[in-house]
2 protein chains.
Amino acid sequence: MCQLLAMNANTPTDIVFSFDGFRRRGGLTDCHSDGFGIAFFEDNAVRLLQDTTACATSPFADMVKAYPIRSTNIIAHIRKATQGEVSLANTHPFMREAWGKYWIFAHNGNLKRSSTNDSEVKDFHPKKGQYYRPVGKTDSETAFCYLLEQLRQRFDECPDDKTLFTALCEICMEIRQYGLLNCVLSNGEMLFIHCDSLLHYIIRQAPFGKAKLADDDIEIDFGTQTTPQDKVAVIATLPLTNNENWQQFAVGEMAMFQNGNIIHQRQPENPFYPDIETGLNRAKQAL
Amino acid sequence: MCQLLAMNANTPTDIVFSFDGFRRRGGLTDCHSDGFGIAFFEDNAVRLLQDTTACATSPFADMVKAYPIRSTNIIAHIRKATQGEVSLANTHPFMREAWGKYWIFAHNGNLKRSSTNDSEVKDFHPKKGQYYRPVGKTDSETAFCYLLEQLRQRFDECPDDKTLFTALCEICMEIRQYGLLNCVLSNGEMLFIHCDSLLHYIIRQAPFGKAKLADDDIEIDFGTQTTPQDKVAVIATLPLTNNENWQQFAVGEMAMFQNGNIIHQRQPENPFYPDIETGLNRAKQAL
């Protein structure tokens, strides 16, 4: 299973601490060694660093630490290839432009294609888009293109955040019929998530305390690096620290973050919060 | 004036030698210190490294040397800002997807916008595109979006290279009415150029010899790094070496490269080859 990491903040914030733990899962503490990618919004532009080697040892991942980039919206992904060979074209996150904004997307899960063989799940082969088409061979990029295509077909201009959230919920509920869809999407203003197995988040705000990475012997005191107004939401497949209260999203839950707050949220009627083992198994069964 | 560098080859080739000389013009031997960008096609994917600091000293430019990326199509640009502030969103090259391929574009020149004041030249303000809209504030990204928009409006699928060349020629001739348009465009298969003041090229092939950078005391023997089948076209605003026979494109000339060869070319009726001073002045007058 791939792993996701995202950040949405009210002030440009670097992600070095969280990324330090996250990247160790790409080849060191876990086996997601088929590449990685991280996208930073810098105002309305995007800086995208990707590599097809293990995140733990990639020189492009070293750049994230050596030149900390401050951003209000960041999406990162470490890959365990399930569909599509290990290549740059198949490496998340993916980027497209819509309505004069860049949109960034990363996905964890597996959507059924003709190569898989599960008769209970429908095949995900959307027809060729008018606006967007995948360049690589992954179900993930196909889902991203389909999602943006649906938005563009519905709206001539980027809608307000409430309308956008409602549309994204509908499109994600449609896509998840084809398999497992944990995903994060940002246009540099809002950050949207859909949880289908495991996805956790924490909102760090004053009073800031100390945090200790779960994957490494590193501790940070956020109190020395922040102002009392800062608000930073961090979203990750699995909690990155072991001394903070991470919240878990329910299976089927969707949320939109802005300025470090959840501004829209939709929970399923009977929320189910799998434990980590169950969540990982759910992901494995979907492969 | 900004400067352009591009490469089109029949085998994945690194650009370290050419980029070494080129980047020195970004802040050391010349004054193009408002950022730089370089895009490498890796198969059908693109790796894009950009920075808003001078290319000569940027850590992202250091990456190009430290981890030589082999590619068959490369586009690089160093920027002297004329329109749009110094920001990542205004930094070339620009990228969009069309027909399931990434397209990369960089521009040197200046297209008249309402902020400039030259009554003989028409204003370049194309209407909002259906498919593509600029994210930043430059005339260059606006021209790129307009160019791709015109292609998408004409063709439902990517046309063959001859049809594509003819269409690109028509669109470039339309855009250049609004100002100065030296540009390079690639979709990872072909590389198209339009020359409007200064643009030079060289095709390196067997028997390979030695080359010496014009901007630095560095010499290379291509014979030790190549096979007899290799063919590498390098395109640059000004010749990068001082002991090779660079060819000059005429003002108004357009060409399409593939596998290191010129496969289509269109010259104006009375070709004019400005000397470097005249060419630079033409660029300055257009600012």
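Residues are numbered from 1 along each chain as its sequence is written, and chains are lettered from A, with ligands numbered from 1, in the order in which they are written. In this predicted model, local features need pLDDT of at least 70 and side-chain atom pairs count only at pLDDT 80 or more, whereas totals for chains, interfaces and linings use all residues.

The account begins with a sheet of chain A. Six strands form an open, antiparallel sheet in the order β5-β6-β7-β8-β14-β15. Strands here are DSSP runs of E with at least two residues, helices are runs of H or I with at least four, and both are numbered from the N terminus. Two strands are taken to pair if DSSP finds at least two bridges between them. In general, strands of a sheet pair through backbone hydrogen bonds, either parallel or antiparallel. Because β5 (94-98) and β15 (261-266) of chain A stand at the edges with a single partner strand each, one side of each is left without a neighbour in the sheet. The twist from one strand to the next averages 20°. Five bridges join β5(A) to β6 (residues 101-108) of chain A in the antiparallel sense, and A:E97 stands opposite A:Y102 in β6(A). Helix α3(A) packs on this sheet, where it touches β5 and β6 of chain A, and its direction makes about 15° with that of β5(A). Axes are lines fitted to C-alpha atoms, for helices over the stretch in contact, and angles between N-to-C directions run from 0 to 180 degrees.

Helix α3 (residues 139-154) of chain A also packs with helix α4 (residues 161-175) of chain A, at an angle of about 140° and with the axes 10 Å apart. That angle makes α3(A) oblique to α4(A); angles under 35 degrees count as roughly parallel, over 145 as roughly antiparallel, 65 to 115 as roughly perpendicular and the rest as oblique. A:A143, A:Y146, A:L147, A:Q150, A:L151 and A:R154 of α3(A) meet A:A167, A:I171 and A:I175 of α4(A), contact being assigned if C-beta atoms, placed from the backbone, lie within 7 Å. The residues of this contact divide into seven nonpolar, one polar and one charged. Here Ala, Val, Leu, Ile, Met, Phe, Trp, Tyr, Cys and Pro count as nonpolar, Asp, Glu, Lys and Arg as charged, and the others, Gly among them, as polar.

Elsewhere in chain A, β9 (residues 200-205) runs antiparallel to β12(A) and is joined to it by six bridges, with A:I203 opposite A:A233. β9(A) also pairs with β13(A) in the antiparallel sense over two bridges, and A:H200 has A:Q248 as its bridge partner. A:Q248 touches A:H200 and A:Y273, not counting residues up to four places away in sequence. A:Q248 counts as partly exposed because it has 19 C-beta neighbours inside 10 Å; a residue is buried with 20 or more other C-beta atoms within 10 Å of its own, exposed with 12 or fewer, and partly exposed in between.

In helix α1 (residues 16-24) of chain A, the buried residues include A:F17, A:F19 and A:F22. The buried residues of α1(A) pack against β1 (3-13), α2 (59-66), β4 (71-78), β11 (219-221) and β12 (231-236) of chain A.

Finally, the contact between the chains takes 26 residues from chain B and 26 residues from chain A. On the side of chain B, β3(B) gives the largest share, four residues.

Key:
Two residues are in contact if their C-beta atoms, placed from the backbone, lie within 7 Å.
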